[in-house]
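Visitor: I would like to go through this model and ask what stands behind each label.
Guide: Then let us look at it together.

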Amino acid sequence: PLLMRYLVQGGKLLIPGLAGVLESTGCEYLLIMLVGFAINFGLHVANTLLLYRLTVLKGMSPKDATRTALFFCLAGPTLFHLTLYSESLFLFLVLIGLCRLEELVYLPRKGLEEITWTQFTSLVLVISISGWVRSVGLLYFAYLGYPLLVRLLQGLKAKDWSRVSSCTGR
């Protein structure tokens with residue numbers, strides 16, 4: 001909602017006469033709602049494309065990925081993505097994080113310790129921002145934390161201190 005308010009305020013500055021029209025008609029809240037709907041609709045379209053991309057990256061055929069994206073568009077929770085709610089932004093951030101994780105780690109069959117520091121930071125940043133958008137996003141940190149925890153436990157079990165130190169950053 002704060003972003004939508006800032007966009008409306010910016011529109012008042014950029015479009016001469018818009019402030020007067022909005023104040024005289026009392027339509028400022030209507031404009032905020034329309035801006036929010038437009039943002040969420042754009043994010044919903046982007047989420048559909050990201051879901052298609054993720055399903056193709058996971059190995060599904062383009063036909064099945066298209067079917068998955070269409071089911072996503074027609075499903076009941078789509079209502080949450082088109083209203084003034086943070087679900088669209090949350091899903092957008094999660095899907096970006098999952099697509100990057102798939103491209104950087106799972107497709108080339110690398111471990112998290114084998115990607116560059118900037119790539120790892122970008123993954124952590126996107127997934128942590130999703131936790132700021134919705135508190136349930138904190139649980140999605142498991143996508144990054146679980147492989148690191150497994151490597152740490154394997155290193156402790158084998159008493160391979162190089163594996164342990166690569167997980168702890170030393």
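Visitor: At roughly what angle do the axes of H3 and H6 cross, and within what distance do they come?
Guide: This is a predicted model. In it, the axes of H3 and helix H6 (residues 87-106) cross at roughly 25 degrees and come within 9 Å.

Visitor: Why are H3 and H6 called roughly parallel?
Guide: The crossing angle is roughly 25 degrees, and angles under 35 degrees count as roughly parallel. H3 and H6 are therefore roughly parallel to each other. H3 passes H6 in a left-handed crossing.

Visitor: What makes H6 roughly antiparallel to H7?
Guide: The axes of H6 and helix H7 (residues 117-133) cross at roughly 160 degrees, coming within 9 Å. The cut-off for roughly antiparallel is over 145 degrees, so H6 counts as roughly antiparallel to H7. The crossing of H6 and H7 is left-handed.

Visitor: What makes the contact of Glu103 with Arg53 a salt bridge?
Guide: The closest N and O atoms of Glu103 and Arg53 are 2.0 Å apart, and the rule asks for within 4 Å. The pair therefore qualifies as a salt bridge. Glu103 lies in helix H6 and Arg53 in helix H3, 50 residues apart, so the pair links distant parts of the chain. Arg53, Arg100 and Glu103 are linked in a network of salt bridges.

Visitor: Glu102 forms a salt bridge with Lys58; how do you know whether each residue is buried or exposed?
Guide: Buried means under 20% relative accessible area and exposed means over 50%. Glu102 has 7% relative accessibility, so Glu102 counts as buried. Lys58 has a relative accessible area of 56% and is therefore exposed. In their salt bridge, N and O are 3.3 Å apart.

Visitor: Why are Arg67 and Asp64 called partly exposed?
Guide: Partly exposed is the range between the two cut-offs, 20% and 50%. Arg67 is at 39% and Asp64 at 30%, so both terms apply as given. Their side chains meet in a salt bridge at 3.2 Å, N to O. Both residues lie in helix H4, 3 residues apart, about one turn of the helix.

Definitions and conventions:
Residues are numbered from 1 along each chain as its sequence is written. This is a predicted model: local features need pLDDT of at least 70, side-chain atom pairs count only at pLDDT 80 or more; totals for chains, interfaces and linings use all residues. Side-chain values use heavy atoms; hydrogens and water are left out. Axes are lines fitted to C-alpha atoms, for helices over the stretch in contact, and angles run from 0 to 180 degrees between N-to-C directions. Helices (H or I, at least four residues) and strands (E, at least two) are DSSP runs, numbered from the N terminus. Angles under 35 degrees count as roughly parallel, over 145 as roughly antiparallel, 65 to 115 as roughly perpendicular and the rest as oblique. A crossing is left-handed if the near helix is turned anticlockwise from the far one by less than a right angle, and right-handed if clockwise. Buried means under 20% relative accessible area, exposed over 50%, partly exposed in between (1.4 Å probe, protein chains only).
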